[in-house]
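This report describes one protein structure, with attention to its annotated site, its ligand, its core and a sheet.

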Amino acid sequence: MNIEQLNADHGIGDQLKFVEGTGGFPFIKIDNDKASAVISVYAGQVLSFQPANDSNNLLFLSETAYYQPGKAIKGGVPICWPWFGPDPDGLGRPAHGFVRNRFWNVMRTGIAADGDTTVTLGLADTPETRAIWRHSFNLSLEITVGESLNLELITRNTDTRPFFITQAFHTYFKVGHINQVAVLGLDGLEYVDKADNATYKLQTGAVSIGAEVDRIYRNVQGELVIDDVALDRRIRITSGGSNTAVVWNPWAKISAEMGDLKDDDYERLLCVETANADLDIVEIAPASEYHLTANYRVERDVMDELQVLKSPT
Ligand SMILES: O=P(O)(O)OC[C@H]1O[C@H](O)[C@H](O)[C@@H](O)[C@@H]1O
């Protein structure tokens, strides 16, 4: 992909620029009055989102992430599609599907009426994807960078037969310290505990993390909140088209084993994923489409907001 051509076709002055990013991947750098963001065209992956006047990124991005064709980038918002988790047919295909490790296409960029910056990335089937997954599809990822980060993943079935998918925004949130984080909104829900032989359990109260956590929560309705005491902020997650939330933290052993995480990175990251997974399987009929959405908003106390306004920049 030619950076000059991408800028000529889709650049928007100082607000949206294509640059050569890590590993030579084309990155989209967005800077508007409300936030800044970085998006990788490889994997269709938001790598960074930071509201203006905020000193912390919304997202965790591993300093030891791979930026190599065929590999997933550890951090930001990887897209798991058309399956979440291990290959559902046991054929040895990659975990979390095949769109987080290939180049997407830049379809459109724009400025919305309220000043938000929009980017649409797309991916359609090719002989290569049909060799992995036999269906014809057209996938769009609509990214809106404003006061909040908004994501919409639209799956269109361009095939003559229905197909079934599971999927997720596998979002890595940056946290101040994992010991001081709680996930609210899952109280009373059943979950599959993948870190304990996939046994079924019931959540009571908020989710706190003190060991490896790998859970699929069922029948999730309404919003989730990550309450982060150390960073003194809350992240409000509003999802659409999903009844499933995945909560994942690798903890110390897995963090140390993973080549693309530092040993203590588990202290600084938490994945809370808007998903269709487990029993939440989506059937899409020919010529139909399905929308999965997630909105991430950083909230801070009013007193903190006043402090930011008062402090010299
Ligand atoms: O390292 P990755 O392939 O990105 O997967 C990281 C994790 O993703 C999800 O949250 C799964 O529930 C975990 O079982 C998996 O380990």
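The sections below take these topics in turn.

## Model and annotated site

The structure is a predicted model. The unreviewed UniProt entry carries the annotation "active site" for His170 and Glu273. These positions span 104 residues in sequence, yet no two of their C-alpha atoms are more than 5.0 Å apart, so they gather at one spot.

His170 lies in the loop between β11 (167–169) and β12 (172–174), while Glu273 belongs to strand β21 (residues 269–276). His170 counts as buried because it has 24 C-beta neighbours inside 10 Å, the threshold being 20 or more. Glu273 is also buried, with 26 other C-beta atoms within 10 Å.

## Contacts of the two residues

Leaving out residues up to four places away in sequence, His170 touches Val77, Pro78, Cys80, His96, Cys271 and Glu273.

## Ligand surroundings

Around the ligand are Ala72, Gly85, Ala95, His96, His170, Lys194, Asp214, Val246, Trp248 and Cys271. The annotated residue His170 is one of this group. Sorted by class, the shell holds five nonpolar, three polar and two charged residues.

## Nonpolar core

The largest nonpolar core has 78 residues, and those touching the most other members are Ile39, Phe173, Ala245, Val246, Val247, Leu270 and Val272.

Val272 touches Thr171, Phe173, Val183, Leu224, Ile226, Ile237, Ala245 and Val247, not counting residues up to four places away in sequence. Among these partners, Phe173, Ala245 and Val247 are themselves in the set that touches the most other core members.

## Nine-stranded sheet

Nine strands form an open sheet with antiparallel pairing, in the order β6-β7-β8-β9-β23-β19-β18-β13-β16. At its edges are β6 (105–111) and β16 (207–208), each of which pairs on one side only.

Within the sheet, β19 (residues 233–240) and β23 (residues 289–299) run antiparallel and are joined by seven bridges. One of the residue pairs is Arg236 with its bridge partner Arg297 in β23.

Definitions and conventions:
Residues numbered from 1 in each chain as written. Predicted model: local features only at pLDDT ≥ 70, side-chain atom pairs only at ≥ 80, totals over all residues. Core = buried A, V, L, I, M, F, W, Y, C linked by C-beta atoms within 7 Å. Buried ≥ 20, exposed ≤ 12 C-beta atoms within 10 Å, placed from the backbone. Contact = placed C-beta atoms within 7 Å. Near = placed C-beta within 6 Å. Nonpolar A, V, L, I, M, F, W, Y, C, P; charged D, E, K, R; others polar. Pairing = 2+ DSSP bridges. Helix = DSSP H or I, 4+ residues; strand = E, 2+ residues; numbered from the N terminus. UniProt positions renumbered as here; feature names shortened; annotations may be inferred.
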